[in-house]
Amino acid sequence: PLLVSISTLLVTLAFAVGPSAAKSVEGILLIVGQRPYDIGDRITIASSPGAGPNPITNSWLVEDITLFTTTLRFGSSNEVATVSNGSLTNAMITNCARSKNAHAALVLKLHINLHQGDTVDQFKKALETYVHDKRDVWEQLLFFRCEDIDTDNEFVVYKLAVRSRQTWQVLTRILDDRARLHQFCIETAEKLHVEYDIGAPRRVLYYGGNLIEGHVSEERYKKDLLSRQNIRSGSGLGSMLKSLEDDSETK
């Protein structure tokens, strides 16, 4: 009741003295009434609620709080800034210290062979085992799902998310844990032979002749498209390929 009475008095006073004072009063109410952060908390600030949260790497550490201002230290560069509390009243403030069990996400580009047989299940099982063995770091694997399939370039994009036992307040620790998880994913991809290496663009130049079969056979995936047996007789390309094969055998 006392807080409500003080708030009512401040709002009435704000309307009496003008817009500038009203903004200051809103800032006081933010700090006294809502208490969106405490000294030592890591926070992110977005311009408005509809803008969505800023990346966690653009976070600030709260160093001092008064009724009228808040002093912040930028985590990445150690810069110090002082802002009026009134300027924060319409902002979206995310408190990392109060946001329990941070979710860390990774995006993986893997070879399309991941979708052969039970390779996807093997990869997911390996992830689940890794998370279980790191129980002091991770709580659980939230999901491992396919986001995109590119058959032309032979890769698939997977996204995974894990729940940490820490809050984003300890940003550096979670980023290090995520980096180790990413390293494990790379090693697992190599063991399952589904790592994706970006190669040079592959183009086929036809000098002459027609292909008997222009499609890709399942048995010899992109292997026999330009074999001599797949070129109609009499074409210049067929003769050229035969000549190259004869020269190779001679050498």
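This is a predicted model: local features need pLDDT of at least 70, side-chain atom pairs count only at pLDDT 80 or more; totals for chains, interfaces and linings use all residues.

**Salt bridges**

I started at arginine 73, which is partly exposed with a relative accessible area of 23%. My cut-offs: buried is under 20% relative accessible area, exposed is over 50%, and partly exposed is in between (1.4 Å probe, protein chains only). Residues are numbered from 1 along each chain as its sequence is written, and side-chain values use heavy atoms, with hydrogens and water left out.

Which residue pairs with arginine 73 in a salt bridge? I found glutamate 63, with the closest N and O atoms 2.4 Å apart. A salt bridge here is a side-chain nitrogen of Lys or Arg within 4 Å of a carboxyl oxygen of Asp or Glu. Arginine 73 sits in strand E3 and glutamate 63 in strand E2, 10 residues apart, and the pair links distant parts of the chain. Helices (H or I, at least four residues) and strands (E, at least two) are DSSP runs, numbered from the N terminus. Glutamate 63 is partly exposed at 35% relative accessibility.

Next I looked at glutamate 139 and arginine 165, whose side chains meet in a salt bridge at 3.9 Å, N to O. Glutamate 139 is in strand E7 (residues 138-150) and arginine 165 is in the loop between strand E8 (155-164) and H4, so this pair ties together parts 26 residues apart in sequence. Arginine 165 is partly exposed, at a relative accessible area of 40%.

Then I checked aspartate 177 and arginine 180, a salt bridge of 2.8 Å, N to O. They are 3 residues apart in helix H4, so about one helical turn separates them. Buried or exposed, for aspartate 177? I have it as buried, at 6% relative accessibility, whereas arginine 180 is partly exposed at 46%.

**Loops**

I went to threonine 66, in the loop between strand E2 (60-65) and strand E3 (69-74). Threonine 66 is partly exposed at 33% relative accessibility. Leaving out residues up to four places away in sequence, threonine 66 touches Ile31 and Asn85; a contact means heavy atoms within 4.5 Å. Valine 32 is 34 residues from threonine 66 in sequence, yet 9.8 Å away in space, C-alpha to C-alpha.

I flagged two phi values, since most residues other than glycine have a negative phi. Asparagine 78 has a positive phi near 70°, in the loop between E3 and strand E4 (80-84). Histidine 193 has a positive phi near 60° and lies in the loop between H4 and helix H5 (236-250). Histidine 193 is exposed, with a relative accessible area of 62%.

**Whole chain**

Last, I zoomed out. How many helices and strands are there in the protein? I got 5 helices and 8 strands, in the pattern α-α-β-β-β-β-β-β-α-β-β-α-α along the sequence. Buried residues make up 31% of the 251 residues. Of the contacts with a separation of 6 or more, 57% come from residues 24 or more positions apart.
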